[in-house]
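Student: I have just opened this one and would like to go through it step by step. Could you guide me?

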Amino acid sequence: MSISSAPSHHTDEHPTDDGKSAFGKLVVLMITAFIDMLGLLMILPLLPFYAKTLGAGGAVVGLLVSSFSVAQLLSAPVWGRFSDKYGRRPALMVGLGASAVAYIVFAYADSLWLLFLSRIVQGAGGGTVSVIQAYVADATRPEDRAKSLGWLSAATNAGVALGPVIGSWVQLFSKNTPGLVAAGLCVVNMIFASRYLTEIRKPGGETGKAKRKGSREAVMRVVSHPSDAASRLILIYALAIGAFQGTTAILALFLAYRFGVTEATIGYFFMYIGVLSVLVRALMLGKLVDRIGEPRLSRAGLLFLAAGLIGLSVSPNLPLLALSVGMLPLGTAFTFPCVTAMLSRVVSSAERGLYMGVQQTFGGITRVVFPIVLGVAFDTFGKQSPFWISATVVLATLLMGRDLERYAPRKAPTPAA
């Protein structure tokens, strides 16, 4: 399917690969992302238990979780800038290597400062999420990016679903085993990526003589020019993902209060969300993008997300709760891949990795801030208040995306016979 030329205010190229080659690269990236997330989620559920054995309380555990997000948000633009200059593949390899080191530190951590070191190094390596997204944007045609990013996120959600189960199983062998297995997965991932993942774009290459922005300049541009297309897309992504992650952080507390959910049953709710996320992104997203387009689908996603949050807070029974919780993966699946795909088109290819990193930076900030704010609201203003606050924020982002049709790929007019 051919498309018309991009809007004049930004630059976008068609990848030189044919469809079969692009699909092959996408499969390799999906496998890479899946293995990476599998290792991360093997470790994350065990972290509070490891910290408690070292004398940590709830506040320290919270800081451990936040330290990963802080390191990730600081490193994401750096990884994006590095990948724009030197290529996606080297940035990804270095990031996977950093994660392997972090997992080894985790495996043998016998003090809290080593756990913090592991989380910080792991978060810094986790900035490569933006590199993988930029890689997908480079490898696929503009009209295929949303569905390709949806497939990528489906692979990561599969890792989210399987990682905790594998981590719980291997820790029965010894305390060190989960960290060592996760590190081994990173090494395998590096070997796999080095063998099958080829560089798509010429490192540092870009037609045009405009001076490229640095990470700090790009971040400040979002703050100082919030009406720019790239800024609005980044803010939509950040506010929506912060609202979602913030309510997810206190979901267990709310379900325990409302429905008597315990540690033994909370996992089923997260598995339910994870399985739905995989199915929606793998089976529905691409078809809906083709039918109604990324702008309309992203707005529908925001409405689903807000409706799910409100419905969750007022559900009187488990069937309605299941229906409301089911709207959350619909909302995230329709919103985030579409917004990221549109962002990949409103910036030049030379700065695509940078802005994917900036998107992760702002998303990281909201993932740190929202859990704290909503946790205070849960304790102070009532058990339902975090969901209403988040739903209000999500609905407010609809105003930022009122003219997103300008940045959707368009079919070229059929030439006259």
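Tutor: Phe192 and Tyr196 both belong to helix α8 (residues 177-196), where they stand four residues apart, about one turn of the helix. Helices here are DSSP runs of H or I with at least four residues, strands are E runs of at least two, and both are numbered from the N terminus. This is a predicted model: local features need pLDDT of at least 70, side-chain atom pairs count only at pLDDT 80 or more, and totals for chains, interfaces and linings use all residues. Residues are numbered from 1 along each chain as its sequence is written, and side-chain values use heavy atoms, with hydrogens and water left out.

Student: How many aromatic pairs are there?

Tutor: The count is five aromatic pairs. Rings of Phe, Tyr and Trp (its six-membered ring) pair if their centres lie within 6.5 Å; planes under 30 degrees apart are stacked, over 60 edge-to-face, and the rest tilted. Phe192 and Tyr196 form a tilted pair, because their ring planes are at 45°, with the centres 5.2 Å apart.

Student: And what about Trp169 and Phe173?

Tutor: Trp169 and Phe173 are an edge-to-face pair, with 5.5 Å from centre to centre and 90° between the planes. Both of these residues are exposed. The terms are set by relative accessible area: buried is under 20%, exposed is over 50%, and partly exposed is in between (1.4 Å probe, protein chains only).

Student: Is Tyr196 buried, exposed or partly exposed?

Tutor: Tyr196 counts as partly exposed, because its relative accessibility is 47%. The charged end of Arg195 sits over the ring of Tyr196, 4.9 Å from the ring centre. For a charge to sit over a ring, NZ of Lys or CZ of Arg must be within 6 Å of the ring centre and within 35 degrees of the ring normal.

Student: Which residue lies over the face of Tyr257?

Tutor: That is Lys383, at 5.7 Å from the ring centre of Tyr257.

Student: Let us step back. How many helices and strands does the protein have?

Tutor: The protein has 15 helices and zero strands. It has 417 residues, of which 53% count as buried. Contact means heavy atoms within 4.5 Å. Among the contacts with a separation of 6 or more, 85% are between residues 24 or more positions apart.

Student: Where is Val368, and what is it in contact with?

Tutor: Val368 is in helix α14 (residues 352-380). It counts as buried, because its relative accessibility is 16%. Leaving aside neighbours within four places in sequence, Val368 contacts Ser66, Ser69, Val70 and Leu73. The C-alpha atoms of Val368 and Ser66 are separated by 6.0 Å, although these residues are 302 residues apart along the chain.

Student: Where does Ser66 lie?

Tutor: Ser66 lies in helix α3, and at 21% relative accessibility it counts as partly exposed. From Ser66 to Ile365, 299 residues apart along the chain, the C-alpha separation is 9.9 Å.

Student: What about Asp84, buried or exposed?

Tutor: Asp84 is buried, with a relative accessible area of 0%. This residue is also in helix α3 (residues 58-86). Its C-alpha atom is 9.1 Å from that of Ala134, 50 residues apart along the chain.

Student: Which residues does Gly159 touch?

Tutor: Not counting residues up to four places away in sequence, Gly159 touches Phe34, Met37, Leu38, Leu41 and Pro164. Gly159 is found in helix α7 (residues 145-170) and is buried, with a relative accessible area of 0%. Gly159 and Leu40 are 8.6 Å apart, C-alpha to C-alpha, and 119 residues apart in sequence.

Student: New topic. How many cavities of 30 Å³ or more are there?

Tutor: The count comes to one cavity of 30 Å³ or more. A cavity is a set of points on a 1 Å grid over the protein atoms alone where a 1.4 Å probe fits but cannot get out; lining residues have an atom within 4 Å of a point. The largest cavity has a volume of about 40 Å³, a volume being the space filled by probe spheres set on the points, which are joined across faces, edges and corners.

Student: What lines the largest cavity?

Tutor: Its lining consists of Phe244, Thr247, Thr248, Leu251, Leu312, Leu328 and Phe387. Helix α10 (residues 229-259) gives the largest share, four residues.

How values were computed. On a 1 Å grid over the protein atoms alone, a cavity is a set of points where a 1.4 Å probe fits but cannot get out, and a pocket is an open set with protein on both sides within 12 Å along at least five of seven lines; lining residues have an atom within 4 Å of a point.
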